[in-house]
Amino acid sequence: MLAHVLVPLDGSLLARSALDYALSMLDDTGTITLLTVLQPPEVPIYDFYPVTTSPQKDYEAGFSDALIRAQDYLFQVSSEIQEKYAVTVETTVEAGDPATAIAEAAEKLGVNAIVMSTHGRSGLSRWLFGSVTQKVLESRCCPVFVVPLKQGEYGKTSNAKSVQAQPV
């Protein structure tokens with residue numbers, strides 16, 4: 001049994017499927033940290049064209065709204081866990097590249113493992129979008145347990161009961 005696990009959540013049902021595995025790995029007095037990573041918006045730079053208003057304000061407002069929504073989401077998930085389990089639940093929202101933020105949070109918090117799902121992308125979509133899970137695995141910050149997506153499972157509320165976590 002583990003004392004502290006990190007579960008990255010992106011708001012999808014697929015990501016939440018990792019929670020059942022993470023909770024089954026924890027000691028009764030363990031800690032689970034729920035992490036959401038927001039990618040900061042890119043602010044366009046206008047070198048050649050005069051701009052009458054600052055686009056920075058729109059981006060900052062949008063990012064602030066996203067931050068509030070992420071905190072509310074994590075609070076909701078945390079409350080659901082605490083209703084059923086006696087574990088300690090911590091939440092954190094980070095900004096930056098998701099894979100980098102997950103690995104850095106794991107190191108900073110000193111977790112025993114990361115438990116996360118994978119979207120199961122392959123081919124062109126994986127090349128275009130990359131794989132956050134693969135990048136976290138390559139970081140070698142701590143053991144990573146991957147809950148894979150099985151074909152036809154994405155639309156269900158949770159695929160945690162029908163798939164096996166794969167320690168890496």
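This report describes the confidence, the cores and some individual elements of one predicted protein model.

The model is predicted, so that local features are given at a pLDDT of at least 70 and side-chain atom pairs at pLDDT 80 or more, while totals for chains, interfaces and linings use all residues. Residues are numbered from 1 along each chain as its sequence is written, and side-chain values use heavy atoms, with hydrogens and water left out.

**Confidence**

The pLDDT, which is the predictor's confidence in each residue from 0 to 100, averages 80 for the protein, and 70% of the residues score at least 70. Helices (H or I, at least four residues) and strands (E, at least two) are DSSP runs numbered from the N terminus. Confidence is highest in β1, at 97, and lowest in strand β6 (residues 166-167), at a mean of 46. Over residues 154-168 the pLDDT is below 50, although this stretch has 40 contacts in the model beyond near neighbours in sequence, a contact being heavy atoms within 4.5 Å. Where pLDDT is low, the predicted coordinates should not be read in detail.

**Cores**

A nonpolar core is a set of buried Ala, Val, Leu, Ile, Met, Phe, Trp, Tyr and Cys residues joined through side-chain atoms within 4.5 Å; buried means under 20% relative accessible area, exposed over 50%, and partly exposed in between, with a 1.4 Å probe and protein chains only. The largest such core has 27 residues, and V7, L9, I32, L34, I81 and V115 have the most contacts inside it. At least two of its residues come from each of β1, α2, β2, α3, β3, β4 and β5. Apart from this core lies another, of 17 residues, including L6, V37, A106 and I114.

Helix α4 has 12 residues and reaches 16 Å from its first C-alpha to its last, close to the expected 16 Å, which is 1.5 Å times one less than its number of residues. Its buried residues include P98, A99 and I102, and what covers the buried residues of α4 includes β1, β2, β3, β4 and α6.

| Residue | Phi | Place |

Most residues other than glycine have a negative phi.
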